[in-house]
Amino acid sequence: MTTTADTTTTVTRIGNAALRRGAWLAFALFWSAFAVVECVRHGWPAAVLALAFLVLPDLTFLVALDEAPRMAKGQLPPRAVPYYNALHRALVPLTLAAAYTALPLHWPPAFAALCGWLAHISYDRVFGYGLRTKEGFQRG
């Protein structure tokens with residue numbers, strides 16, 4: 001009986017993970033398409049910022065580049081973790097996007113940058129990368 005319960009729990013966990021990744025994929029494709037539309041409509045400044053913010057969150061490892069050789073495989077230096085986690089939380093760019101739409105701001109490259117940032121976070125989740133522990137390892 002225990003084997004059946006363990007198997008059911010495992011299957012449920014795998015199903016939930018697949019569903020979660022599928023949702024993140026839909027989110028990633030949405031924000032990627034939105035970024036492309038903004039880039040086409042608003043030209044090279046929007047394209048440059050969208051691409052920059054698509055890459056920027058992963059550059060947080062540069063904060064502690066000198067510590068990288070001493071880290072275990074897959075470990076981010078602990079000094080870089082707060083920056084990495086801050087730039088990999090979807091709530092941050094979503095809040096900024098809501099503020100952009102609510103406030104009397106109109107600079108489309110900024111919105112394109114937020115779309116690129118949200119696409120980056122979403123693709124990371126699709127591929128299984130998430131926030132880090134304070135020691136620098138992937139959270140389970």
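**Helices, cores and contacts**

Trainee: What covers the buried residues of H4?
Mentor: The cover includes helix H5, residues 108-126. Covering here goes by contact, meaning heavy atoms within 4.5 Å. Helices are DSSP runs (H or I, at least four residues), numbered from the N terminus.

Trainee: Before we go on, what kind of model is this?
Mentor: This is a predicted model, where local features need pLDDT of at least 70, side-chain atom pairs count only at pLDDT 80 or more, and totals for chains, interfaces and linings use all residues. Residues are numbered from 1 along each chain as its sequence is written, and side-chain values use heavy atoms, leaving out hydrogens and water.

Trainee: Back to H4. Which residues are buried there?
Mentor: Pro93, Ala97 and Tyr100 are buried in H4. Buried means under 20% relative accessible area, exposed means over 50%, and partly exposed is in between (1.4 Å probe, protein chains only).

Trainee: Where do they sit around the helix?
Mentor: Seen down the axis of H4, its buried residues fall within an arc of 60 degrees, so they line one face. The arc is taken from the directions from the helix axis to the C-beta atoms.

Trainee: And which exposed residues are on the face turned away?
Mentor: Leu91 and Ala102.

Trainee: How many residues does H4 have?
Mentor: H4 has 12, residues 91-102. From first C-alpha to last it reaches 16 Å, close to the 16 Å expected. The expected span is 1.5 Å times one less than the number of residues.

Trainee: Now H5. Is it mostly covered or mostly exposed?
Mentor: Mostly covered. In H5, 17 of 19 residues are buried. The end C-alpha atoms of H5 are 27 Å apart, which agrees with the 27 Å its 19 residues should span. After H5 comes Gly128, with a positive phi near 90 degrees.

Trainee: What does Ser122 touch?
Mentor: Trp24, Phe27, Ala28 and Trp31, not counting residues up to four places away in sequence.

Trainee: How many residues are in the largest nonpolar core?
Mentor: It has 12, including Trp31, Ala35, Ala97, Tyr100 and Phe111. A nonpolar core is a set of buried Ala, Val, Leu, Ile, Met, Phe, Trp, Tyr and Cys residues joined through side-chain atoms within 4.5 Å.

Trainee: Which helices supply it?
Mentor: H1 (2-42), H4 and H5 each supply at least two residues of this core. The largest share, 7 residues, comes from H5. There is also a second, separate core of 5 residues, with Ala64, Ala80, Val81 and Tyr84 among them.

Trainee: Switching topic: where does Gln75 lie?
Mentor: In the loop between H2 (44-55) and H3 (81-87). Leaving aside neighbours within four places in sequence, Gln75 is in contact with Arg132, Glu135, Gly136 and Phe137. The Gln75 side chain reaches the backbone oxygen of Glu135 at 2.6 Å.

Trainee: Last one, Arg139. Where is it found?
Mentor: In the segment after H5. Arg139 counts as partly exposed because its relative accessibility is 46%.

Trainee: What does Arg139 touch?
Mentor: Asn85, Arg89, Leu131, Arg132 and Thr133, not counting residues up to four places away in sequence. Arg139 and Tyr129 are 10 residues apart in sequence and 8.6 Å apart in space, C-alpha to C-alpha.

Technical notes: A polar contact is a pair of N or O atoms within 3.5 Å; within protein, one must be able to donate a hydrogen and the other to accept it, and residues adjacent in sequence count only if both atoms are side-chain atoms.
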